[in-house]
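Please report on how this chain is put together. Cover the salt bridges, the sheet and the nonpolar core.

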Amino acid sequence: VDYPDADDTWDDFAQKARDVADLDDEVYGVCFPATFDRFGAFAFGTGWNTFDDAGSSDLLDARFEEAVTWYTGLIADEAAVQPSDIGAGWTGDCLATDNVGIAIEGAWILGFLRDVAPNLQFGTAPMPLGPSGERGNLLFTVAWGVNANSENQEEALAVLELLVSEKVQQFVLENGLALPSREALAENAYFEAGTPEAEANKVVFDGGSDGNVIGFQFGSVGTDWMQPVNEALSAVMTGQSDVSEALSAAQEQLVALLERAGN
(Lines give C-alpha, C1' and ligand atoms only; values in the text may rest on other atoms or scores of the structure.)
Protein backbone atom coordinates (compact mmCIF):
# COMPACT_ATOMS: atom_id res chain seq x y z
CA VAL A 1 0.00 0.00 0.00
CA ASP A 2 1.38 3.42 -0.93
CA TYR A 3 2.32 5.82 1.86
CA PRO A 4 0.04 8.83 2.33
CA ASP A 5 1.49 11.86 0.57
CA ALA A 6 1.04 15.61 0.21
CA ASP A 7 -1.38 15.23 -2.73
CA ASP A 8 -3.84 12.95 -0.91
CA THR A 9 -7.45 14.06 -0.59
CA TRP A 10 -9.74 12.64 2.06
CA ASP A 11 -10.87 10.04 -0.49
CA ASP A 12 -7.28 9.04 -1.26
CA PHE A 13 -6.43 8.84 2.43
CA ALA A 14 -9.52 6.74 3.19
CA GLN A 15 -8.76 4.32 0.36
CA LYS A 16 -5.19 3.81 1.58
CA ALA A 17 -6.53 3.15 5.08
CA ARG A 18 -8.99 0.59 3.67
CA ASP A 19 -6.22 -1.05 1.63
CA VAL A 20 -4.12 -1.51 4.76
CA ALA A 21 -7.10 -2.93 6.65
CA ASP A 22 -7.75 -5.40 3.84
CA LEU A 23 -4.34 -6.98 4.42
CA ASP A 24 -5.37 -8.73 7.63
CA ASP A 25 -8.44 -9.00 9.87
CA GLU A 26 -6.47 -7.68 12.85
CA VAL A 27 -4.88 -4.76 11.01
CA TYR A 28 -6.38 -1.27 10.68
CA GLY A 29 -5.45 1.59 8.41
CA VAL A 30 -5.60 4.42 10.94
CA CYS A 31 -6.20 5.07 14.63
CA PHE A 32 -9.10 7.49 15.24
CA PRO A 33 -9.99 8.39 18.85
CA ALA A 34 -13.43 9.80 19.63
CA THR A 35 -11.99 13.12 20.71
CA PHE A 36 -11.99 16.60 19.18
CA ASP A 37 -8.28 17.09 19.89
CA ARG A 38 -7.61 14.67 17.02
CA PHE A 39 -10.82 14.85 14.98
CA GLY A 40 -10.80 18.67 14.94
CA ALA A 41 -8.07 18.89 12.31
CA PHE A 42 -10.40 17.10 9.88
CA ALA A 43 -13.33 19.35 10.77
CA PHE A 44 -11.19 22.36 9.90
CA GLY A 45 -10.38 20.74 6.55
CA THR A 46 -13.95 21.47 5.49
CA GLY A 47 -13.51 25.20 6.13
CA TRP A 48 -15.49 25.02 9.38
CA ASN A 49 -14.31 26.97 12.44
CA THR A 50 -14.83 26.39 16.15
CA PHE A 51 -16.56 29.75 16.71
CA ASP A 52 -18.28 32.22 14.42
CA ASP A 53 -17.93 36.00 14.68
CA ALA A 54 -20.66 36.10 17.33
CA GLY A 55 -18.86 33.58 19.54
CA SER A 56 -21.27 30.73 18.81
CA SER A 57 -20.47 27.16 17.75
CA ASP A 58 -22.57 25.45 15.07
CA LEU A 59 -22.22 21.68 15.14
CA LEU A 60 -25.19 21.39 12.77
CA ASP A 61 -23.24 23.15 10.03
CA ALA A 62 -23.21 20.88 6.96
CA ARG A 63 -19.41 21.06 6.86
CA PHE A 64 -19.04 19.81 10.42
CA GLU A 65 -21.54 17.02 9.77
CA GLU A 66 -19.59 16.03 6.67
CA ALA A 67 -16.41 15.70 8.71
CA VAL A 68 -18.10 13.62 11.42
CA THR A 69 -19.70 11.36 8.81
CA TRP A 70 -16.36 10.77 7.07
CA TYR A 71 -14.36 10.27 10.28
CA THR A 72 -16.80 7.87 11.92
CA GLY A 73 -17.47 6.13 8.61
CA LEU A 74 -13.93 4.78 8.55
CA ILE A 75 -14.61 3.21 11.95
CA ALA A 76 -17.80 1.64 10.59
CA ASP A 77 -15.83 0.31 7.61
CA GLU A 78 -13.24 -1.14 10.01
CA ALA A 79 -10.57 0.82 8.16
CA ALA A 80 -10.03 2.83 11.36
CA VAL A 81 -10.04 1.78 15.00
CA GLN A 82 -10.33 3.54 18.32
CA PRO A 83 -7.23 3.16 20.54
CA SER A 84 -9.20 1.53 23.35
CA ASP A 85 -10.50 -1.18 21.02
CA ILE A 86 -6.99 -2.59 20.61
CA GLY A 87 -5.86 -1.99 24.18
CA ALA A 88 -4.03 1.26 23.38
CA GLY A 89 -4.12 4.44 25.41
CA TRP A 90 -3.60 6.86 22.51
CA THR A 91 -2.68 6.90 18.84
CA GLY A 92 1.04 6.70 19.61
CA ASP A 93 0.41 3.34 21.27
CA CYS A 94 -1.51 2.30 18.15
CA LEU A 95 1.34 3.11 15.79
CA ALA A 96 3.89 1.36 18.03
CA THR A 97 2.06 -1.94 17.43
CA ASP A 98 1.77 -4.04 14.29
CA ASN A 99 -1.98 -3.41 14.17
CA VAL A 100 -2.24 0.14 12.80
CA GLY A 101 -0.71 1.84 9.77
CA ILE A 102 -1.32 5.55 10.45
CA ALA A 103 -1.50 7.84 13.47
CA ILE A 104 -2.52 11.52 13.32
CA GLU A 105 -0.21 13.23 15.82
CA GLY A 106 2.10 16.13 16.51
CA ALA A 107 5.88 15.90 16.80
CA TRP A 108 5.59 14.85 20.44
CA ILE A 109 5.02 11.30 19.19
CA LEU A 110 8.68 11.09 18.17
CA GLY A 111 10.18 10.81 21.64
CA PHE A 112 7.59 8.18 22.54
CA LEU A 113 8.36 6.07 19.46
CA ARG A 114 12.10 6.45 20.10
CA ASP A 115 11.62 4.88 23.55
CA VAL A 116 8.86 2.34 22.86
CA ALA A 117 9.41 1.30 19.25
CA PRO A 118 13.00 2.24 18.34
CA ASN A 119 13.07 -0.08 15.32
CA LEU A 120 9.81 1.13 13.81
CA GLN A 121 10.18 2.26 10.22
CA PHE A 122 7.93 5.24 9.54
CA GLY A 123 7.42 8.27 7.33
CA THR A 124 5.40 11.44 7.72
CA ALA A 125 2.97 13.25 5.43
CA PRO A 126 0.87 16.42 5.77
CA MET A 127 -2.80 16.23 6.63
CA PRO A 128 -4.88 15.18 3.60
CA LEU A 129 -6.65 17.87 1.61
CA GLY A 130 -10.20 18.37 2.84
CA PRO A 131 -13.39 19.12 0.88
CA SER A 132 -12.48 22.82 1.09
CA GLY A 133 -9.38 22.12 -0.99
CA GLU A 134 -7.24 22.98 2.04
CA ARG A 135 -5.77 20.97 4.84
CA GLY A 136 -7.11 21.37 8.34
CA ASN A 137 -4.87 21.46 11.38
CA LEU A 138 -4.86 22.15 15.11
CA LEU A 139 -2.18 24.39 16.56
CA PHE A 140 -1.20 23.44 20.11
CA THR A 141 0.95 25.81 22.14
CA VAL A 142 3.09 25.64 25.26
CA ALA A 143 4.32 28.52 27.38
CA TRP A 144 6.40 29.48 30.36
CA GLY A 145 5.22 32.12 32.79
CA VAL A 146 6.77 34.21 35.53
CA ASN A 147 4.82 34.94 38.70
CA ALA A 148 4.20 38.70 38.84
CA ASN A 149 4.38 38.57 42.65
CA SER A 150 7.59 36.56 42.84
CA GLU A 151 10.40 37.99 44.96
CA ASN A 152 12.86 36.37 42.56
CA GLN A 153 11.69 37.86 39.29
CA GLU A 154 15.16 38.77 38.11
CA GLU A 155 16.37 35.19 38.54
CA ALA A 156 13.15 33.81 37.02
CA LEU A 157 13.51 36.02 33.96
CA ALA A 158 17.09 34.84 33.56
CA VAL A 159 15.87 31.24 33.52
CA LEU A 160 13.13 32.18 31.05
CA GLU A 161 15.66 33.79 28.72
CA LEU A 162 17.69 30.59 28.83
CA LEU A 163 14.67 28.41 28.07
CA VAL A 164 13.80 30.40 24.95
CA SER A 165 17.38 30.78 23.77
CA GLU A 166 18.31 29.36 20.38
CA LYS A 167 20.48 26.68 21.99
CA VAL A 168 17.72 25.31 24.21
CA GLN A 169 15.09 25.66 21.49
CA GLN A 170 17.34 23.56 19.25
CA PHE A 171 17.45 20.89 21.96
CA VAL A 172 13.67 21.01 22.28
CA LEU A 173 13.25 20.62 18.52
CA GLU A 174 15.64 17.73 18.09
CA ASN A 175 14.17 15.80 21.01
CA GLY A 176 10.63 15.97 19.65
CA LEU A 177 9.31 17.95 22.59
CA ALA A 178 7.90 20.88 20.64
CA LEU A 179 8.56 23.07 17.62
CA PRO A 180 10.85 26.09 17.95
CA SER A 181 9.30 29.39 18.94
CA ARG A 182 12.11 31.57 17.57
CA GLU A 183 12.06 32.90 14.02
CA ALA A 184 15.80 32.31 13.81
CA LEU A 185 15.14 28.55 13.87
CA ALA A 186 12.54 28.54 11.09
CA GLU A 187 15.16 27.68 8.45
CA ASN A 188 16.79 25.09 10.63
CA ALA A 189 19.49 22.82 9.18
CA TYR A 190 18.11 20.00 11.33
CA PHE A 191 15.00 19.89 9.15
CA GLU A 192 17.20 18.76 6.26
CA ALA A 193 19.01 16.01 8.20
CA GLY A 194 17.31 13.30 6.15
CA THR A 195 16.22 11.19 9.14
CA PRO A 196 12.62 10.08 9.73
CA GLU A 197 12.45 12.26 12.85
CA ALA A 198 13.78 15.35 11.08
CA GLU A 199 11.33 14.79 8.23
CA ALA A 200 8.47 14.47 10.70
CA ASN A 201 9.42 17.69 12.48
CA LYS A 202 9.64 19.52 9.16
CA VAL A 203 6.20 18.32 8.03
CA VAL A 204 4.63 19.27 11.37
CA PHE A 205 6.38 22.65 11.37
CA ASP A 206 5.18 23.46 7.84
CA GLY A 207 1.68 22.30 8.77
CA GLY A 208 1.38 25.15 11.23
CA SER A 209 0.81 27.57 8.36
CA ASP A 210 -0.73 25.34 5.69
CA GLY A 211 -4.48 25.60 5.22
CA ASN A 212 -7.20 26.20 7.79
CA VAL A 213 -5.13 26.08 10.98
CA ILE A 214 -7.02 26.81 14.21
CA GLY A 215 -5.59 27.17 17.69
CA PHE A 216 -6.45 24.63 20.37
CA GLN A 217 -8.38 27.08 22.55
CA PHE A 218 -12.05 27.49 23.36
CA GLY A 219 -12.54 30.93 24.83
CA SER A 220 -14.08 31.31 28.26
CA VAL A 221 -15.46 27.75 28.39
CA GLY A 222 -12.06 26.12 28.00
CA THR A 223 -11.76 22.47 27.10
CA ASP A 224 -15.28 21.81 28.46
CA TRP A 225 -16.27 22.84 24.94
CA MET A 226 -15.04 19.48 23.65
CA GLN A 227 -17.17 17.28 25.89
CA PRO A 228 -20.41 17.36 23.84
CA VAL A 229 -18.42 16.77 20.65
CA ASN A 230 -16.50 13.87 22.17
CA GLU A 231 -19.74 12.31 23.38
CA ALA A 232 -21.25 12.67 19.91
CA LEU A 233 -18.27 11.05 18.24
CA SER A 234 -18.30 8.21 20.73
CA ALA A 235 -22.04 7.63 20.31
CA VAL A 236 -21.68 7.34 16.55
CA MET A 237 -18.53 5.23 16.65
CA THR A 238 -20.11 2.72 19.04
CA GLY A 239 -23.37 2.53 17.09
CA GLN A 240 -25.49 4.11 19.81
CA SER A 241 -26.64 6.97 17.59
CA ASP A 242 -26.51 8.17 14.01
CA VAL A 243 -24.65 11.34 13.05
CA SER A 244 -27.69 13.60 12.88
CA GLU A 245 -29.07 12.57 16.28
CA ALA A 246 -25.68 12.74 17.96
CA LEU A 247 -24.92 16.22 16.65
CA SER A 248 -28.37 17.54 17.56
CA ALA A 249 -27.86 16.40 21.15
CA ALA A 250 -24.32 17.82 21.21
CA GLN A 251 -25.51 21.17 19.86
CA GLU A 252 -28.09 21.49 22.65
CA GLN A 253 -25.45 20.76 25.28
CA LEU A 254 -23.00 23.18 23.73
CA VAL A 255 -25.51 26.03 23.46
CA ALA A 256 -26.35 25.60 27.15
CA LEU A 257 -22.64 25.55 28.06
CA LEU A 258 -21.91 28.73 26.10
CA GLU A 259 -24.94 30.49 27.57
CA ARG A 260 -23.79 29.66 31.13
CA ALA A 261 -20.39 31.11 30.24
CA GLY A 262 -22.00 34.29 28.96
CA ASN A 263 -21.13 33.71 25.28
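## Salt bridges, sheet and core

Asp-206 is partly exposed, at 36% relative accessibility (buried means under 20% relative accessible area, exposed over 50%, partly exposed in between, with a 1.4 Å probe and protein chains only). This is a predicted model, in which local features need pLDDT of at least 70, side-chain atom pairs count only at pLDDT 80 or more, and totals for chains, interfaces and linings use all residues. Residues are numbered from 1 along each chain as its sequence is written, and side-chain values use heavy atoms, with hydrogens and water left out.

Asp-206 forms a salt bridge with Lys-202 (a side-chain nitrogen of Lys or Arg within 4 Å of a carboxyl oxygen of Asp or Glu). Both residues lie in helix H8, four residues apart, about one turn of the helix. Helices (H or I, at least four residues) and strands (E, at least two) are DSSP runs, numbered from the N terminus. Lys-202 is partly exposed, at 23%. Elsewhere, salt bridges with shared partners join Asp-5, Asp-8 and Lys-16 into one network. The count comes to nine salt bridges. Three pairs are tabulated here.

| Pair | N to O distance |
|---|---|
| Lys-202 and Asp-206 | 3.4 Å |
| Arg-38 and Asp-37 | 3.8 Å |
| Arg-135 and Asp-210 | 2.8 Å |

Arg-135 sits in the loop between helix H5 (109-116) and strand E4 (136-139), and Asp-210 in the loop between helix H8 (196-207) and strand E5 (212-215), so this pair ties together parts 75 residues apart in sequence. Arg-135 is buried, with a relative accessible area of 11%. Asp-210 is partly exposed, at 31%. In the other arginine pair, Arg-38 is buried at 15%, and Asp-37 is partly exposed at 25%.

Next, the sheet. Three strands form an open sheet in the order E2-E1-E3, with parallel pairing (two strands pair if DSSP finds at least two bridges between them). Strands E2 (80-81) and E3 (100-103) are at the edges with a single partner strand each, so one side of each has no neighbour in the sheet. Strand E1 (residues 28-31) pairs with E3 over three bridges. Val-30 has Ile-102 in E3 as its bridge partner.

Finally, the core. The largest nonpolar core has 46 residues (buried Ala, Val, Leu, Ile, Met, Phe, Trp, Tyr and Cys residues joined through side-chain atoms within 4.5 Å). Phe-32, Phe-36, Phe-39, Phe-64, Trp-70 and Trp-225 touch the most other members. Helices H1 (10-21), H2 (36-44), H3 (62-76), H9 (226-237) and H10 (243-260) each give two or more residues to this core. Leaving aside residues up to four places away in sequence, Phe-36 touches residues including Phe-44, Trp-48, Phe-64 and Trp-225 (contact means heavy atoms within 4.5 Å).
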